[in-house]
Structure formats: C-alpha cells, structure tokens
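Please consult the sequence and the model while reading.

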Amino acid sequence: MTTATAQAFANIAFIKYWGNRDNALRIPMNSSISMNMDGLYTRTTVSFQPSLSFDELIINGHEIRGAGLERISYLLDIIRGLAKLPERAEVMSENNFPSGAGIASSASAFAALALAGGKAAGLNLSEPELSRLARRGSGSAARSIPGGFVEWQAGTSDEDSFAFSIAGPDHWDLVDCVAIVSTSHKKTGSTEGHFIASTSPLQAARLADAPRRLDICRKAILEKDFNTFASIVELDSDMMHAVMTTSTPALHYWKPASLEVMDCVRQWRMDGIPVCYTVDAGPNVHVLCLETEAKVTEKRLREIAGVENVLVARAGGPAKIIK
C-alpha cells in the first residue's frame, strides 16, 4: 500500500475564470489571478491498495458515489497512467469550510488530490506539472498549487495552461473576510456553468477586456495599490455575474443578503475604508481589506442581516505534503 497526505488552500479569484476553450482539458478562455486563503483548506489522503476493485471516496466521513466519485477517478486514472500503476485507491478528504457554496472547495480538493495522488503513486512532478494535473479535475485547482498571489496563464494546450506565483504570501497584508450568507450546496456547479458561458451575449465583451483587467490587477498587487485593486476586482466580479445572469439557462447565485453586503462594502469605501468585494460562483461574498481594517470589517459584516458567519483568511502558501 502506497499512501500520501496533502493539504491545499482554497483560493479567491480577483480576475476570474469563467468559460472554457477546451472543456475536456479545462483550458480557460482567459487568464486569471487569485490569492490562496490561509486556514481554509482541504486535507486529502490517497492510498493505492491492490485489494481494491474500484476507487473509494470518503469526504468529511461520508462515502461518496456517483458523479462525485467519477470525477475523482478521472484524475486518479491520469495519475495511474503517468505512473503505470494498476491499483485502485482509497481517497479520504476533509474540508474545514463549507463545500459547494462558492468558496472554491473544488479548487483546494483537486489540488490536494493531485499532490497526494502523485506522491502516493511515486511520481516526482514539478509545480507546473502539478498545476496542470490539478486543472484536469477543477480549473481553479490549478491556482491552489502555487503559493500566495497566483496567476493562471490560460495557454492554448495542456502543456502551457498552468499557474505560478507572482508574489509570495508575505508580499501584501491583504485579508479576505468571507461573509457566509448560505452554506447550501449550489444547484448549478461551476463545471456546468462553464459549459453555458458562451450562451451569454456579454461573454465576448468580457473576454475581449480580460487582458486589460489582468494587467491592471497584477500591477496593483505588485505595487500594493489598494484603490486600483478594489476598482478592478469589483468590476471583474460584476462582469462575470452579468454573464451568468444572461446565460441560457440563467444562473442567479446571489441572495438578498449578498446584495446587502455588496451595497454596504461600496458605502464603506465611499466613507474612506479600504475595502472591496468579489463573489465567485455562489452567494457568499468575499470582502477584501488590509490587515489594519480586518477586525472592524469582520465586526461590521457580522452585524448585517442575513450574514450567518464570517471566515477570515490571509494569503496562504502552496499545496504541501504533510505526511
């Protein structure tokens, strides 16, 4: 039996990925930029066992079958092919934050699976190779392999579509206060959403402007320019959700409390507090601020009607083997 355990952080995209050039390989239509979220992690153990006749998946103590298991086996099949390994695997995984609620649980899950699976299979993969492997399970998982502030270059093929760090976790004292307005599993997952992104008449305009937004965001992070960062991050988030709501079928992820949080954040910034929002494919709102404003931002968010909890995360490191 060959076993390894890995841990990977969820990430929050500042310039977002929505829509694939290649759905099978999960090669995105545009490049993206994100930050790993320290403390919000998936921890996964992969054990290849000759006695197993099929892969087994246990998440947070519950056995998973059907589509969830098939997605895991798909990535394990790639690993088995690379390692020339016939054995099936037992996969035990746990998250310390809500799954399927727009907090990138699939990103941390497939990053941890790629790293643990590769290690358990005896592969010695480089960071770009691990990023490419994780991408095959979930596109955003490519960004949870490197540490800190990360850019995922879209590329045009499997070989050149991977993520890399543009700045380490200690580069900027940015804090993500995640306003949890719902922990329910979303009805339409990101994978399905990527398939229909092109049905929106707004997607072409979003993609055409993506390189400009990417350059502005990257420069703002490297220069620690919060005002510029805030403006471009909110614009990018709003543009992605505009595409979602005008797709066929339309995807409406926001809840009334999501809108209330975003309204409050805009008002706080007008009042001089350096804070901004971004929302992934879910109802929960990521409220970004500087370390100096983290405690007051968390307190204010908890006072908003409909906010059930606030998760606070700083910039996190890369995915790592823990045993």
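Q: Which residues of H6 are called buried, and what makes a residue buried?
A: In H6, the buried residues are Phe 226, Phe 229, Ala 230, Ile 232, Val 233, Glu 234, Asp 236, Ser 237, Met 240, His 241, Val 243 and Met 244. The word means under 20% relative accessible area, whereas exposed means over 50% and partly exposed lies in between, with a 1.4 Å probe and protein chains only. These buried residues of H6 pack against strand S1 (2-15), strand S10 (174-180), H5, H7, strand S11 (275-278) and strand S12 (285-290); contact means heavy atoms within 4.5 Å. Helices (H or I, at least four residues) and strands (E, at least two) are DSSP runs, numbered from the N terminus.

Q: What kind of model is this, and how are residues numbered?
A: The model is predicted: local features need pLDDT of at least 70, side-chain atom pairs count only at pLDDT 80 or more, and totals for chains, interfaces and linings use all residues. Residues are numbered from 1 along each chain as its sequence is written, and side-chain values use heavy atoms, with hydrogens and water left out.

Q: How does the span of H6 compare with the expected span?
A: H6 has 20 residues and reaches 28 Å from its first C-alpha to its last, close to the expected 28 Å. The expected span is 1.5 Å times one less than the number of residues.

Q: Why is Lys 84 called exposed?
A: Lys 84 has a relative accessibility of 74%, and therefore counts as exposed. Lys 84 is placed in the loop between helix H1 (67-83) and strand S7 (88-95).

Q: Why is Lys 224 called partly exposed?
A: Its relative accessibility is 44%, so Lys 224 counts as partly exposed. Lys 224 belongs to the loop between helix H5 (203-223) and H6.

Q: What is the phi of Lys 84 and of Lys 224?
A: Lys 84 has a positive phi of about 55 degrees although it is not a glycine, and Lys 224 likewise has a positive phi of about 55 degrees without being a glycine. Most residues other than glycine have a negative phi, and most peptide bonds are trans.

Q: What makes the peptide bond from Thr 248 to Pro 249 cis?
A: The omega of this bond from Thr 248 to Pro 249 is near 0 degrees. Pro 249 lies in the loop between helix H6 (226-245) and helix H7 (256-270).

Q: Why are H1 and H3 called roughly antiparallel?
A: H1 and helix H3 (residues 127-137) pack at an angle of about 150 degrees, with axes 9 Å apart. Axes are lines fitted to C-alpha atoms, for helices over the stretch in contact, and angles run from 0 to 180 degrees between N-to-C directions. Angles under 35 degrees count as roughly parallel, over 145 as roughly antiparallel, 65 to 115 as roughly perpendicular and the rest as oblique. H1 and H3 are therefore roughly antiparallel.

Q: Which residues bring H1 and H3 together?
A: Arg 71, Tyr 74, Leu 75, Ile 78 and Ile 79 in H1 meet Leu 133, Arg 136 and Gly 137 in H3.

Q: Why is Glu 63 called partly exposed?
A: Glu 63 has a relative accessible area of 47%, and is therefore partly exposed. Glu 63 lies in strand S6 (residues 62-64). Leaving aside neighbours within four places in sequence, Glu 63 is in contact with Leu 57 and Ile 58.
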